[in-house]
Amino acid sequence: ITKTHNLAFQECETLQAVYNKEHCPNTLRAQPKLFTDTVVHFPTNLEEVTLEIKGRRVYFRNYIEPDTDPRKTMHTEMVLTPLEFDEFSMKDETEITFCLKELRGLLGFAEASGLPVTVHFQGPG
């Protein structure tokens with residue numbers, strides 16, 4: 001008798017962010033529920049979302065490729081005020097775009113752990 005086991009193997013690359021959060025001029029801290037309640041309005045098939053901090057407001061909107069006709073794309077945007085955050089520190093107006101699926105996973109983990117979410121950022125990169 002011979003037993004055969006087929007194991008799937010997938011190579012992955014470990015990425016490590018290298019930055020000093022003290023050099024980041026913008027900081028947002030809130031309970032994960034605030035972010036979860038914000039991203040729930042975006043479609044599940046959306047790949048990326050843009051966070052923009054401008055004029056004492058935080059905007060979450062769906063990312064639209066530069067070569068896409070904006071008239072043919074559905075726009076989703078949520079606006080948050082500084083009062084909704086546990087910490088809101090803005091020195092530079094900027095926007096960053098990131099993967100919505102990964103954000104939802106992070107928020108699920110933070111909510112289950114009872115941990116606040118803190119975002120330190122300077123600009124896209």
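This is a predicted model: local features need pLDDT of at least 70, side-chain atom pairs count only at pLDDT 80 or more; totals for chains, interfaces and linings use all residues.
1. A contact here means heavy atoms within 4.5 Å. Among contacts between residues at least 6 apart in sequence, 74% join residues at least 24 apart.

2. Now for the overall layout. The protein has two helices and seven strands, and from the N terminus on the elements follow the order β-α-β-β-β-β-β-α-β. The C-alpha trace spans about 70 × 40 × 25 Å along its principal axes. Its radius of gyration is 18 Å, whereas a compact globule of 125 residues would have one near 14 Å.

3. Of the 125 residues, 28% are buried. The protein exposes about 9,400 Å², and carbon and sulfur atoms supply 52% of that area.

4. Helix α1, residues 32-39, deserves a visit. Its residues P32, L34, F35, T38 and V39 are buried. Looking down the axis of α1, you will find these buried residues within an arc of 160°, so they line one face of the helix. Among the elements that cover them are the strands β1 (26-30), β3 (57-62), β4 (77-80) and β7 (117-121), along with helix α2 (100-113).

5. Stay with F35 for a moment, as it takes part in aromatic pairing. The count of aromatic pairs comes to three. In one of them, the ring centres of F35 and F60 are 6.2 Å apart and the planes stand at 75°, so this pair is edge-to-face. F35 belongs to helix α1 and F60 to strand β3, so the pair ties together parts that are 25 residues apart in sequence. Both F35 and F60 are buried.

6. F35 has another ring partner to look at. The rings of F35 and F85 have centres 6.1 Å apart and planes at 55°, so that pair is tilted. It links distant parts of the chain, with F35 in helix α1 and F85 in the loop between β4 and β5 (87-89), 50 residues apart. F85 is buried, as is F35. Taken together, F35, F60, F85 and F88 form one aromatic cluster.

7. Next come the charged side chains. The model has five salt bridges. One of them joins E87 and R29, with the closest N and O atoms 2.5 Å apart. This pair also links distant parts of the chain: E87 is in strand β5 and R29 in strand β1, 58 residues apart. E87 is partly exposed at 28% relative accessibility, and R29 is partly exposed too, with a relative accessible area of 29%.

8. E77 is in strand β4 and R61 in strand β3, so the E77 pair ties together parts that are 16 residues apart in sequence. E52 is buried at 11% relative accessibility, while R61 is partly exposed at 21% and E77 is partly exposed at 42%. E52, K54, R61 and E77 are linked in a network of salt bridges.

9. One last stop is T94, in strand β6 (residues 94-99). Is T94 buried or exposed? T94 has a relative accessible area of 12%, which is under the 20% cut-off, so it counts as buried. Leaving aside residues up to four places away in sequence, T94 touches N26, L51, E52, I53, F121, Q122, G123 and P124.

Conventions: Residues are numbered from 1 along each chain as its sequence is written. Side-chain values use heavy atoms; hydrogens and water are left out. Buried means under 20% relative accessible area, exposed over 50%, partly exposed in between (1.4 Å probe, protein chains only). Helices (H or I, at least four residues) and strands (E, at least two) are DSSP runs, numbered from the N terminus. The arc is that of the directions from the helix axis to the C-beta atoms. Rings of Phe, Tyr and Trp (its six-membered ring) pair if their centres lie within 6.5 Å; planes under 30 degrees apart count as stacked, over 60 as edge-to-face and the rest as tilted. The radius of gyration is taken over C-alpha atoms; the globule rule is 2.2 Å times the number of residues to the power 0.38. Accessible areas come from the Shrake-Rupley method with a 1.4 Å probe; for residues, only the protein chains shown count as cover. A salt bridge is a side-chain nitrogen of Lys or Arg within 4 Å of a carboxyl oxygen of Asp or Glu.
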